[in-house]
Amino acid sequence: MVKYQERKGGMAMKGELNRTIMIYVDSYDNHVPVGHFHVASNPETTPFNSLSRLLIDINDYLDKEKFPQSFT
């Protein structure tokens with residue numbers, strides 16, 4: 001269950017919970033993590049079968065959501 005968290009100055013801003021990504025490692029296949037992740041605002045999960053796949057999929061999600069990027 002996702003709840004808004006109390007913060008100094010009031011409740012979390014609308015849409016802020018979209019930034020929370022839950023990562024679940026279900027098992028290891030020859031020392032390689034296998035699992036799934038999901039965003040708090042979306043009940044669908046995205047499976048991954050390697051650390052590189054996890055990072056690529058999270059990066060794709062953040063790009064899709066137009067999350068701010070560092071240009072340094």
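The legends below describe close-up views of a predicted model of one protein.

**Figure 1. Overview of the predicted protein and its elements.** The protein has 72 residues, and 21% of them count as buried. Its accessible surface is about 6,100 Å², with 54% of that area belonging to carbon and sulfur atoms. Among the contacts with a separation of 6 or more, 14% are between residues 24 or more positions apart.

**Figure 2. Confidence along the chain.** The mean pLDDT of the protein is 78, and 74% of its residues reach 70 or more. Where is confidence lowest, and where is it highest? The lowest mean, 44, belongs to strand S2 (residues 10-11), and the highest, 95, belongs to strand S5 (residues 46-48). Over residues 1-13 the pLDDT stays under 50. For this stretch the model has 14 contacts beyond four places in sequence.

**Figure 3. The hairpin of strands S3 and S4.** Strand S4 covers residues 32-39 and is joined to S3 by eight bridges. The two strands run antiparallel. Together S3 and S4 form a hairpin, with two residues between them. Asn30, in the turn, has a positive phi of about 55°. Asp29 belongs to strand S3 and stands opposite Val32 in S4. Is Asp29 buried or exposed? Asp29 counts as exposed because its relative accessibility is 54%, and exposed means over 50%.

**Figure 4. The hairpin of strands S4 and S5.** S4 also pairs with S5, through three bridges. These strands, too, run antiparallel. Six residues lie between S4 and S5 in their hairpin. Across this pairing, Gly35 stands opposite Phe48 in S5.

**Figure 5. A nonpolar patch on the surface.** Which residues form the nonpolar patch? The patch consists of Ile23, Val25 and Tyr28, which together have about 310 Å² of accessible area. Ile23 is part of strand S3, and Tyr28 is also located in S3, which covers residues 21-29. Tyr28 counts as exposed because its relative accessibility is 59%. Ile23 has a relative accessibility of 43%, so it counts as partly exposed. The term partly exposed applies here because 43% falls between the cut-offs of 20% and 50%.

Figure 6. Tyr28 and Asn49 are 21 residues apart in sequence, and their C-alpha atoms are 8.8 Å apart in space. For Asp29 and Asn49, the separation is 20 residues along the chain and 8.3 Å between C-alpha atoms.

Figure 7. His38 lies in strand S4. Why does His38 count as buried? The relative accessibility of His38 is 18%, and buried means under 20%. Not counting residues up to four places away in sequence, His38 touches Thr20, Ile21, Met22, Tyr24, Glu44 and Thr45.

Figure 8. Ser50 is located in the loop between S5 and helix H1 (51-64). With a relative accessibility of 17%, Ser50 counts as buried. Leaving aside neighbours within four places in sequence, Ser50 is in contact with Val32 and Pro33.

Figure 9. How many salt bridges does the structure hold? The structure holds one, formed by Arg53 and Asp57. The closest N and O atoms of this pair are 3.0 Å apart. Both residues lie in helix H1, where they are four residues apart, or about one turn of the helix. The two partners can also be described by their accessibility. Arg53 has a relative accessible area of 34%, so it is partly exposed. Asp57 has a relative accessible area of 16%, so it is buried.

Definitions and conventions. Residues numbered from 1 in each chain as written. Predicted model: local features only at pLDDT ≥ 70, side-chain atom pairs only at ≥ 80, totals over all residues. Heavy atoms only, no water. Buried < 20%, exposed > 50% of the residue type's maximum accessible area, 1.4 Å probe, protein only. pLDDT = per-residue confidence, 0-100. Contact = heavy atoms within 4.5 Å. Patch = residues over 30% accessible without salt bridge, like charges linked within 9 Å, V, L, I, M, F, W, Y side chains within 5 Å. Areas by Shrake-Rupley, 256 points an atom, 1.4 Å probe, with all protein chains shown as cover. Salt bridge = Lys/Arg side-chain N within 4 Å of Asp/Glu carboxyl O. Pairing = 2+ DSSP bridges.
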